[in-house]
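Morning, everyone. Please have a look at the structure while I talk you through it.

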There are 2 protein chains.
Amino acid sequence: MTEFFERHRETLEAALAAAESRDFWSAYPEVPSKKIYGEVAPEAGEAAYQALLGKPFALPGHPERGRLGSEVSPFGPSLAIDYASAPAEDLIAAASAAGEAWANSSARTRAGVLLEALARLNRRSFEMGHAVMHTTGQPFVMAFQAGGPHAQDRGLEAVAYAYRAMSETPESARWTKPQGKHPPIVLEKHYRVLPRGVALTIGCNTFPTWNGYPGLFASLATGNTVIVKPHPAAVLPLAITLQELRAVLAEAGFDPNVVLLAVDEQGAEITKTLACHPAIKIIDYTGSNAFADWLRGEARQARLYSEEAGVNSVVLASTDNFKGTCANLAFSISLYSGQMCTAPQNIYIPKDGIETDQGHKSFDEVAAALKAAVDGLLGDPARAAGVCGALANPATLARVEAAAQEGRVVRASAPLEGLEGARTATPLLLAVEAKTSQAHREERFGPIAFLVASESAEAAIDEAAGLAREKGAITAAVYATDAATLERSEAAFGAAGVSLSCNLTGNIFVNQSAAFSDYHVSGANPAGNACLTDSAFVADRFRIVAVRRPIAA
Amino acid sequence: MTEFFERHRETLEAALAAAESRDFWSAYPEVPSKKIYGEVAPEAGEAAYQALLGKPFALPGHPERGRLGSEVSPFGPSLAIDYASAPAEDLIAAASAAGEAWANSSARTRAGVLLEALARLNRRSFEMGHAVMHTTGQPFVMAFQAGGPHAQDRGLEAVAYAYRAMSETPESARWTKPQGKHPPIVLEKHYRVLPRGVALTIGCNTFPTWNGYPGLFASLATGNTVIVKPHPAAVLPLAITLQELRAVLAEAGFDPNVVLLAVDEQGAEITKTLACHPAIKIIDYTGSNAFADWLRGEARQARLYSEEAGVNSVVLASTDNFKGTCANLAFSISLYSGQMCTAPQNIYIPKDGIETDQGHKSFDEVAAALKAAVDGLLGDPARAAGVCGALANPATLARVEAAAQEGRVVRASAPLEGLEGARTATPLLLAVEAKTSQAHREERFGPIAFLVASESAEAAIDEAAGLAREKGAITAAVYATDAATLERSEAAFGAAGVSLSCNLTGNIFVNQSAAFSDYHVSGANPAGNACLTDSAFVADRFRIVAVRRPIAA
């Protein structure tokens, strides 16, 4: 079954070249355009999504002891979809039974199957966009991009890295050791990739595919079987993913149970049972530090790759484009209502203000300009809905309400207009003082941003980097017109294991992480270790065993 | 300081090519020959070793609060060497202070320093041979090879793999994203290798350099500082190693405290204090499963690479070279008195005997032939001493004595002749039945081999592979003249994560693991995960952080 591999070989080779050059590249167009995806694609995708609602979701051949499903769109309606459910032991048994043939297939065969599934998923990107939108609360265009092509790119990236890592060892070798005047000793050696076993991918509510695909595809590419445990509120995007993967697996002659869905309900999760099962050898997890700590302590039989929480900071030291700075930051804190792991939470501003192309701006003037930029961005209700989307989790709304006590309110949060029935909140901006505030030193997930008055730009860099080291951070940004401040930021955030964006004033935002170019979680601070994707993310998902035998020289 | 790199660039490139082809290659000649190492090398090496005895060992600039040292040669004499000792906090502080410049140096600079140190260590191979011999009990030629060139090859291999892994990411990139008719967005990106911090290498008594170098050199190459905690009975080989490393570091302008020695005494070990220190981010450990389990539980802040215990098996199903088989196995179980982590412990023989080129041989005939082969190999006292060496640890002698109760004695163990004052024991061969014996199902470290009577060759393969899966194993071997038995062995041991040697009857032994070609611990059974060396062994010792900034298109 190498025909899938041949069909997608160029894509794989281009992905590997992009990963090496780290220039812009994408296999799956991010623009939800009819020109690219076809004239009927938008309507057909929405219709396909609608057709899933209120019905049992089809996963032919999947273990089933019952049906579960309770997804409700953050925009209002219940999805009323149910999925095959089965106890952990059934899933492990099915995964183990499916594992041998998959493990014994070649790296090429597996890459071919996975690339074919990604290509088919790409064709379902509009449908996926709606599925992601109505399980996460993302606005549609973002749901299309992050849930569709961007996630597919990250999946492809994982396959490419895994393929490269497995290709480092030849399938066979001849070992010829000279013996002086005597004939050499010759051994024939065969090397084989041995997967770890059954992997578990634990999905999150906000980015079920973007955060789920790297671990899922990396584990599959390296020959492991995978049980996907979606967040109970965001099952559909991963169920669609598995539908395609299982179909391609079956076409290629494999047991589709190489990938399985572990559906559960909030309050009756099966995550812990699965995670601690001795057969589970790899866990990919996106979520809280608390649960990641639990996994580290209790699921020690498995290698854990995690994306956890952190406190992302921006340091505003000076700028030659004040308007662009404010517009860029306004978008960064508004996008998907701050529910990105990469969204900035703390914006440090020297208490005596900053120098800009518009002259000196006091702390209060900067705060007012940021407020105005957010108000401007969200002034039109339709555009606001397209930027902010809805809140995935009711707890986030409660958090926004409670946070208003934690500082001086520069901008109050409010529901979005024109989205009746949706759970929404525009950004809350709070002014605090670095010296006295504790509130900004914890992650406050959601549309909550602190404008932190610091003694100086230097003090701000040191505090923000220290916070990253202590609490974790996935992104950091600095605005400065002088080399010294930029260098200090680079050194401080670098040592804290955070990648740094400098002077973003246009259409690139600190929240964005580009496949094949940007690394995601560094692994060098408490925000986790799911790099997406480097060799460390893939190389330990398989092992190598060899056979050697003497042959005549 | 790239001149060291240029000096050794060809060696590094050849190492990378060898790792890819996995053909025989070695940078450091394994033959202790005057022709290779110089006419005076043997005498000069021994004299250099003798000159170290009874004196303080010199490590200029090393933290020191006292002096410790209590090494006694397994061949008799006390070494009477003392070493600078310092509490864990002092060592961590010194390592941390030395770390920044080392972390900020380039991968090339670090590789150059390490390759220069390896070249200098190679020139001290005779001296190292004596140091390894008198701390481990290895016979001299083996101590020279395993402690010198073979360990150096493993160190070079770690540097090469680390260098390759770091080279996967460019130092900088230009990311150009098309914007249709508008000018593209262009970001300039810089990527930087970020080491984890301070690494800890915990040495073992039997192979202080061969087992210590891979982790030590891999951690250093990736920019970490390393504290080396030798076994209290085998300090000298690692102290010599650090002497060279520290000298080259100083010449290259680095703080020599990039590598530090943590000497302690049996009964007052500082291993646990060091291992659990929050600054320690990587641990390389060779030793017991019990202590590795402790590290996994308690030193969770660190990534652990381990070589632990296991039960290595041979299955004797049939052979077309009975004499060669017996001779090969006799050497494997006698070499260094079975104190290699790769030495076979269990030799499975079908209870009804096997077919050979000498006709059918009953179980007892096979047992007698193996006994005769060992007796023949060790008949000459000088040759016996050169094969068996001495026992590193008094507990091993006690274990051999106790083991005689665990089966029917086919060959009794005895002290070696002509080695008065040395702690020695020739192999004990015990016959047991697979069905009833438990004794062979545990690791019995030392010159103890079980001849296990099994129902059939198939049952033997299944039991031996099952034991590997349950208790761990680093090596396995099979002797069979038919393809079916070889295939069954390959599948069973492969699935158990053990590399397999087939029909070794000449001068290659199951115990031997060749750098650049053989992987060591597979990581797929309880014997540990220190592969020596693949990408998984190096890629997680560093992280990548990036800086990105927009530039004009």
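R303(B) and D540(A) are both buried. This is a predicted model, by the way. The side chains of these two residues form a salt bridge, with 3.0 Å from N to O. Where does each partner of the pair sit? R303(B) is in strand β9 of chain B, residues 303-307. D540(A) is in the loop of chain A between α19 (535-538) and β19 (542-550).

Now widen the view. R303(B) and D540(A) belong to a network of salt bridges. From chain A, the network has R196(A), R303(A), D534(A), D540(A) and R543(A). From chain B, it has R196(B), R303(B), D534(B), D540(B) and R543(B).

Next pair. E168(A) and R164(B) meet through their side chains in a salt bridge, 2.9 Å from N to O. E168(A) lies in the loop between α8 (149-167) and β3 (172-179) of chain A, and R164(B) lies in helix α8 (residues 149-167) of chain B, so this pair joins two chains. Buried or exposed? Take E168(A) first: its relative accessibility is 14%, so it counts as buried. R164(B) has 19%, so it counts as buried too. The cut-off for buried is under 20%.

One more pair between the chains. K189(B) and D518(A) form a salt bridge through their side chains, at 2.7 Å from N to O. How many salt bridges does the rule find across the interface of chain B and chain A? It finds 14. Polar contacts come to 42 residue pairs between chain B and chain A, with both residues at pLDDT 80 or more.

β20(B) gives the largest share, eight residues. By class, the side of chain B that touches chain A has 31 nonpolar, 16 polar and 21 charged residues.

On to the extent of the interface. Its size is often given as the accessible area lost when the parts come together. Chain A and chain B bury about 5600 Å² between them. Of that, 51% is on carbon and sulfur atoms. The contact takes 68 residues from chain A and 68 residues from chain B.

Salt bridges also form within a chain. R124(A) pairs with E127(A), and their closest N and O atoms are 2.9 Å apart. R124(A) and E127(A) are both buried. Over all chains, the count by this rule is 80 salt bridges.

Now the nonpolar side. The largest nonpolar core has 265 residues. Which of its members touch the most others? They are F217(A), L236(A), F217(B) and L236(B). Look at L236(A). Leaving out residues up to four places away in sequence, L236(A) touches Y49(A), L52(A), F57(A), E71(A), L79(A), I81(A), Y83(A), A131(A) and T135(A).

Last stop: A372(B). This residue is in helix α14 of chain B, residues 363-377. A372(B) has 46% relative accessibility, so it counts as partly exposed. How far is A372(B) from Y213(B) in space? C-alpha to C-alpha, the two are 38 Å apart. In sequence, they are 159 residues apart.

Methods:
Residues numbered from 1 in each chain as written. Chains lettered and ligands numbered in written order. Predicted model: local features only at pLDDT ≥ 70, side-chain atom pairs only at ≥ 80, totals over all residues. Heavy atoms only, no water. Core = buried A, V, L, I, M, F, W, Y, C linked by side-chain atoms within 4.5 Å. Buried < 20%, exposed > 50% of the residue type's maximum accessible area, 1.4 Å probe, protein only. Contact = heavy atoms within 4.5 Å. Buried area = accessible area lost by both parts, 1.4 Å probe. Salt bridge = Lys/Arg side-chain N within 4 Å of Asp/Glu carboxyl O. Polar contact = N/O pair within 3.5 Å; in protein donor to acceptor, adjacent residues only side chain to side chain. Helix = DSSP H or I, 4+ residues; strand = E, 2+ residues; numbered from the N terminus. Nonpolar A, V, L, I, M, F, W, Y, C, P; charged D, E, K, R; others polar.
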